[in-house]
Each structure stands twice: as structure tokens, then as C-alpha cells.
Amino acid sequence: MSSHWASCFCLFQSGKHAKCAFPFGTLSQFICIGQHVFVTKTRSPGCYAEGFKDQGNAFYVKKDYSEAFNYYTKAIDACPKNASYYGNRAATLMMLCRFREALVDSQRAVRLDDCFMKGHLREGKCHLSLGNAMAASRCFQKVLELEPSNSQAQQEHKNATAVLEYERMAELDFEKRDFRKVVYSMDKALGLASTCHRFKILKAECLALLGRYLEAQSVASDILRMDSTNGDALYVRGLCLYYEDCIDKAVQFFVQALRMAPDHEKSRLACRNAKALKAKKEEGNKVFKNSNFEAAYRLYSEALAIDPNNIKTNAKLYCNRGTVGAKLNKPDQAIEDCTSAIKLDDTYIKAYLRRAQCYMDIEQYEEAVRDYEKVYQTEKTKEHKHLLKTAQLELKKSKRKDYYKVLGVGKNATEDEIKKAYRKRALMHHPDRHSAATPEVQKEEEKKFKEMGEAFTVLSDPKKKTRYDCGHDLEEDSNNMGAPFASPVWSSNGGFVPIGNVVASDVW
């Protein structure tokens, strides 16, 4: 008796149940009752596998995909050469959105049975969901070779073709820097390839380039929750921080991305730009504080050339350069730089304030009032209210006759300077000097002479001058009081005489 049969016989002798494998591979059960031995066959592994599959199917119908997955796995363990078991488990994994695992099972299924149509179809769907539209298209084509009228394969093949077209359009639009169109194409592609990280990353990058940082960070964070080592997602997080002028934090993300993917060229370039931008900006700030305005202007200009896409940082650089322009007494240039800053960031209060001050300096009060109104609407502080009121007052004053301009003196002119200017201009515009001129010239000179008299009357009187400087309408005041402006000039004996009595010899 062989050792195999001997061991079985010993079990029989002991009155116990026993199972053993016969040489032809079936499982048999021996039952010993007294002197009698009964031999019964047990179920084969294939039978067990079918049972597990049936249970898996029942759970699948109930949409309990986790339990279905467990039973399909048991079926595969019992019979690992059955293509349909892998196909069923792939279908379950797809319902659980575990497409990469589903793809592996689908590929195993079609390797076991190349004519397994459902296996090819599921493989194609997994490829498509993961964004590999070219591979998906080949799978659907294989299904159509097996069954040309398969409507599901026909539709999925169209979907794969559409995804390839969206990819092509996105690539072209990215080169054109038309990031809105790229986002549109990626949204369409993700509607058909919902789990493609590559499409999500491209969309997030373009959202960041469009200044939609919260949306971009949300997409990147979702990916990092599933895969904390994803270099592309780390890059996008860093990019958002970089564009929000959080340069130190941005560099940390770029470095981490390079640690995960040493060949990540975008992270390398962004990291280099971030460090260069920070260094150049800080250098410009330093020389500005030392009143080296020419050097500050040059450094801010060099910083602006580093990365045109960094909107927030560049807005600050333009505003800084505008401040330098104002210090260099170049108001038009300063206004232009502040306007550039506002175009990049229309919420940038400092740029509005700087531009408004420049408008005040060159007496463009309407523009100054407009900017101060924008500031006050955004931040209702006492300081901003005072600036707005001052600009409104200057605007009101600018709409009256400017007596300082009439006499050709500055607003800080002394009493003596006002007298000298008046004497000089009275001599230039006195009607007697233009008696031989045409009637039109005589009329114009007479008008100027009268305005000059009005100006001198106001600016030579301390009380009237104070009221005029405070923005009061003196013509309205005089009309209410019934006393018109006098138009005095200096006589040869040092007093005033009315315009009608003045002759050329009386003007000094």
C-alpha cells in the first residue's frame, strides 16, 4: 500500500472523516462506520468559483459593489484562469471608480480570452476614463471587429475620438495663451474622461494663469488627497501661491514637486523665477529706501521682465515704479505705471491712491476725484474721506477763474510778488496800449485787463484771498452783498484808480 493510501486507511481505522486527493485530482471524502468505508466526491474548485461568482452577481445587482468585489475575488482565487471572473471584477471596480485596478483586470481577461468582447469594451472604458483616448479607441475598434453592430462600442469610439480632438484643441490654445479656451476643452474632455489627472492638472494650471486661484487650488488639492506625491498637483499648488505673491511658500511646493519628480521642468522654471523675482524686488525696495530712485526704477523694470504671468507681484512692481516716477518728478510716467498696476489688479488700493495724487499734482482734478471715489467706496476710512473731499474742493475751485494764473503767479506767492505781477501785466494789457489795434484785439485786451483787476482785487485782500483759497464763490458772495468787484490798478502816486481813469503813464 502506498503512503497516500496508508494514511487514508489509518483515518478509516480511527473512525474519523477524511478528505484526500485521488491521482486524477478530484476531492473525495471517506467516512468510516464500523467496518464499512464510504467514499463520496466533494465539489470541484470550479463549482465553488461559480458559486462565488453567483453571489458576487447578486451583490452587484443590489449595488453593494464592495461585497461583489470580495466574492469575485474569491471566484478568481478558486479559478484564476477564467476570463469572465476578471471581467466581472473589473466591472465592479469601475463602479467603485477604481479604474486603474479595473484596467488591470480587464487586460487579464482579454489575455485569457482574446474574443472576450466585454473585456475589450471594459478595457477601452478604463483607458478612456483615465484619459488614454488612443488606447481606448483601439479597444473599441477590436470590439467592432468582433461585433460590427455593437452600438455601445460605436458610441464609445465616438467619445474617444472627441477626447482626442479636445486634447488637440487644448494644446493649440495653450500655445496661443488662450487659457479660457483650454479650460473649456478640458471641461469637455473631463465629461468623457472623468478621472484623468492629466486633464485636471492642465485645467488647474490654466485656472491659475487666469487668476482663478481658489478653483485651481481646489482641483490640485483633490488630486493630492488621492496621491500626495503627485508632482504636477504640487506644482499647481505652488503656482497659485506664487501668483498670489506668497513666494516663500510657493518655493516650498516647487521644491517638493522636484523631490517627487526631479525632471519636472515647469517646477524648476517656476522655482527659479520665484527666487529671482523676490531678490530683484527686495533689491529695488532697498535702494528706494536709500533714495536712489534711478537705480530703483531700473531694478523694478528688470523685475517686471522676469514673469509677465505673475499678475499680483507685477501689479505691485508697477505701483512701486510709479512711486519712483513721482519722486523723479515724472507724473505722466507715474500715472501710466499706476494704470498698468490697476489693469492687472483692479482692487489694488495703493495704485489708485498713488495715481490720484499724481492727478492732483498736475491739476487733473476730475480724474483724481474719480480715483478717490473708487478708494472710498472700497475702504470707507476717515483718511480716504478727507482725500476725496480735498479733491472735490480742488475740482470746484478749478472750475472758477484761476486768479493766480491770470496774474501768472504761484499759489504760494507773497503779497509783494502779487503786486509786481499785477503791475507788469497791467502795463501789457492796458487798453491805451492797444488803441491802434483792431476792434477784436482791443476787446480781447480789455477783457484780460478787467480779469487782471478782478484777480488783484481778490488776491491783494487777505480776507478775500483766504475765502478764495478755501473754495468759496466770491462772485456769488459779492452779488448777495450788492457790491461788485472793483478793478483797481496802481497809479503813479502809489494808490488805486478805477480802470476808466487809468492812462498808460499811470502804470509802473
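Is Lys278 buried, partly exposed or exposed, and what is its relative accessible area? Lys278 is partly exposed, with a relative accessible area of 29%, where buried means under 20%, exposed over 50% and partly exposed in between, taken with a 1.4 Å probe and protein chains only.

Before I go further, please keep in mind that this is a predicted model, in which local features need pLDDT of at least 70 and side-chain atom pairs count only at pLDDT 80 or more, while totals for chains, interfaces and linings use all residues. Residues are numbered from 1 along each chain as its sequence is written, and side-chain values use heavy atoms, with hydrogens and water left out.

Let me stay with Lys278, whose side chain meets that of Asp248 in a salt bridge at 2.6 Å, N to O; by salt bridge I mean a side-chain nitrogen of Lys or Arg within 4 Å of a carboxyl oxygen of Asp or Glu. Because Lys278 lies in helix H14 and Asp248 in helix H13, the pair ties together parts that are 30 residues apart in sequence. Helices here are DSSP runs of H or I with at least four residues, strands are runs of E with at least two, and both are numbered from the N terminus. Asp248, for its part, is partly exposed at 46% relative accessibility.

Now to helix H14 itself, which covers residues 265-289, has 25 residues and reaches 37 Å from its first C-alpha to its last, close to the 36 Å expected, the expected span being 1.5 Å times one less than the number of residues. Its buried residues, among them Ala270, Asn273, Ala274 and Leu277, pack against helices H12, H13, H15 and H16. Just after H14, Ser291 takes a positive phi of about 65°.

In helix H16 we find Thr323, which is buried, with a relative accessible area of 16%, and which touches Phe288 and Arg354, not counting residues up to four places away in sequence.

How many salt bridges are there in the count? The count comes to 27, and one of them joins Glu165 and Arg168, with the closest N and O atoms 2.6 Å apart. Both of these residues lie in helix H8, 3 residues apart, about one turn of the helix. Another joins Lys411 and Glu394 at 3.9 Å, N to O, and this pair links distant parts of the chain, 17 residues apart. Lys411 is partly exposed at 41%, whereas Glu394 is buried at 16%. Finally, Arg89, Asp105 and Arg108 are linked in a network of salt bridges.

How values were computed
Contact = heavy atoms within 4.5 Å.
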